[in-house]
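Subject: A structure for you to look at

Hello,

Please take your time over it.

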Amino acid sequence: MAAQRVAIIGAGVSGLCALKCCLDEGLVPTCFERSGDIGGLWRFEKYPEEGRASIYRSVIINASKEMMCFSDFPIPEDFPNYMHNSKIMEYFRMYARHFDLLRHVRFRTSVCRVAKRPDFATTGQWEVVTESEGKQEAAIFDAVLVCTGHHTEAHLPLSTFPGVEKFEGWYLHSRDYKSPQSFLGKQVVVVGTGNSGIDIAVELSHIAKQVFLSTKRGTWVLHRVGDGGYPFDFSYISRFRQLLHSLLPQNASSFLLERKLNARFNHALYGLQPQHRIFHQHPTVNDDLPNCIISGRVLVKPNIQEFTETSAIFSDGTREDIDAVVFATGYSFSFPFLEGCVKVVENQISLYKFMFPIDLEKPTLAFIGLIQPLGPIMPISELQSRWATRIFKGTKNSIAFCNEPRAHLLLRGATNRAAGPASIHQHAG
């Protein structure tokens, strides 16, 4: 029997480990990457590229190298605990070279359509139509892994900000932000307190005249440097703490962590006290924000009620003159190439175990890394890829694999919305 062919869409972190897991299981993978290089989200480019995630020059990962590395390829000891995006890319290139992955990647190739074959109910096969250099090509695959992530399509809800059309300054989404130079001496509002919003606000505070950080709901702020100077996630994400979380009521677990975070700085005092408990939304990671707030370089403001030609009026009635706005308002995701096989409704998608569409006759389509974890995505994508490839191959113990302790350790609390056991609702943005 010929080895099964697997199409992998995207050569970012999830696509790379999906490639490696396919090879481990004796499958024949072909990875389609619309850009000219690997890395996905983590590859910095001076200008945003259509259809690909985009980061700013200064991005540093929020997970320590001890927690983010692949299980069979440790990050070099001389790399910092929290790596700049250039170091992350260096690690990915080492990983790809070590396992000889690049020969399976077709660069500058876009996936136009993924459709069930007429005999899908019995074979589970897919027709994948791709385009490269203006030419389309169709091929048959036994399975498909979607590794496109969910940080590509900017969510810019301008209709919720009255008066923005008459604002005489300039505005942009955080996806288009690259460096602070053009904001020198300006008064800037950053809308949103996710990781990008707070990172950008902190960076701009060193060069702008004044930065205002507008938040609608507040946020819990974690920090990279934990007790004793060790990485916070290295000491916090452990099997022992996961056991405690499983034994304690969620309110009790939330109280303990919230008390620890407020001991570092009182979120209410700093204008960041959220309306939600810490495990109900994705938290933010930043060590510098409290210092920027206490020194006045960043002023926390409530939601923007209205824009005028030269200012922003906030919901507390205050008004500030501004020159520029950075909307760090998250992302939307969709899969137009899947021809109705998967429905995204209000930025949510129902997936069994975070991965498999629940209505398919055959489990030959899986999503890798389409989750928002409390912690790094890399080990989760690796576990998901292992399980998916075993399902594709028909390994007898593949179902039991998802019940392994490490899988539960990494997948617990990986979304910001509760779901039943048969479907997982992913929300981004």
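This is a predicted model: local features need pLDDT of at least 70, side-chain atom pairs count only at pLDDT 80 or more; totals for chains, interfaces and linings use all residues.

**The chain as a whole**

The protein chain is built with twelve helices and 23 strands. Its radius of gyration is 22 Å, close to the 22 Å that the globule rule gives for 429 residues, so the chain is as compact as a globular protein of that length. If you draw a box along the principal axes, the C-alpha atoms fill roughly 70 × 55 × 40 Å.

How many of the residues are buried? Of the 429 residues in the protein chain, 52% count as buried, and the accessible surface comes to about 19,600 Å², with 51% of that area belonging to carbon and sulfur atoms. Among the contacts with a separation of 6 or more, 63% are between residues 24 or more positions apart. As for charge, the chain carries 45 positive and 42 negative side chains, and the centres of these two sets lie 4 Å apart.

**The nonpolar cores**

The largest nonpolar core has 73 residues, and F92, L145 and F392 are the ones with the most contacts inside it. If you select F92 and leave aside its neighbours within four places in sequence, you will find it in contact with V13, L16, I38, G39, W42, F70 and M378. There is also a second, separate core of 23 residues, which includes A7, F32, V111 and F367.

G10 sits in the loop between β1 (5–9) and α1, and, with a relative accessibility of 9%, which is under 20%, G10 counts as buried. Beyond the residues up to four places away in sequence, G10 touches G15, C31, F32, E33 and C147; one of these, F32, is included in the second core. Although G10 and V146 are 136 residues apart in sequence, their C-alpha atoms are 7.2 Å apart in space.

S14 belongs to helix α1 itself, which covers residues 13–24, and at 7% relative accessibility S14 is buried. Leaving out residues up to four places away, S14 touches C147, I368, G369, S381 and S385.

By contrast, K65 and S174, which are 109 residues apart in sequence, are 25 Å apart from C-alpha to C-alpha.

P290 lies in helix α9 (residues 289–294) and is likewise buried, at 10% relative accessibility. It touches R264, F265 and Y270, again not counting residues up to four places away in sequence, while the C-alpha atoms of P290 and V202, 88 residues apart along the chain, are separated by 9.6 Å.

**Loop residues that are partly exposed**

Most residues other than glycine have a negative phi. D100 is placed in the loop between α3 (85–98) and β3 (105–107), and its relative accessible area of 40% makes it partly exposed.

K353, which is not a glycine either, has a positive phi of about 55 degrees. It is found in the loop between β20 (350–352) and β21 (356–357), where it counts as partly exposed at 24% relative accessibility.

Lastly, S182 lies in the loop between β9 (170–173) and β10 (187–191), and at 48% relative accessibility S182 is partly exposed. Its C-alpha atom and that of I207, 25 residues apart along the chain, are separated by 9.3 Å.

Best wishes

Technical notes
Residues are numbered from 1 along each chain as its sequence is written. Side-chain values use heavy atoms; hydrogens and water are left out. Helices (H or I, at least four residues) and strands (E, at least two) are DSSP runs, numbered from the N terminus. The radius of gyration is taken over C-alpha atoms; the globule rule is 2.2 Å times the number of residues to the power 0.38. Buried means under 20% relative accessible area, exposed over 50%, partly exposed in between (1.4 Å probe, protein chains only). Contact means heavy atoms within 4.5 Å. Accessible areas come from the Shrake-Rupley method with a 1.4 Å probe; for residues, only the protein chains shown count as cover. Lys and Arg count as positive and Asp and Glu as negative; His and the chain ends are not counted. The place of a charge is taken as NZ of Lys, CZ of Arg, CG of Asp or CD of Glu. A nonpolar core is a set of buried Ala, Val, Leu, Ile, Met, Phe, Trp, Tyr and Cys residues joined through side-chain atoms within 4.5 Å.
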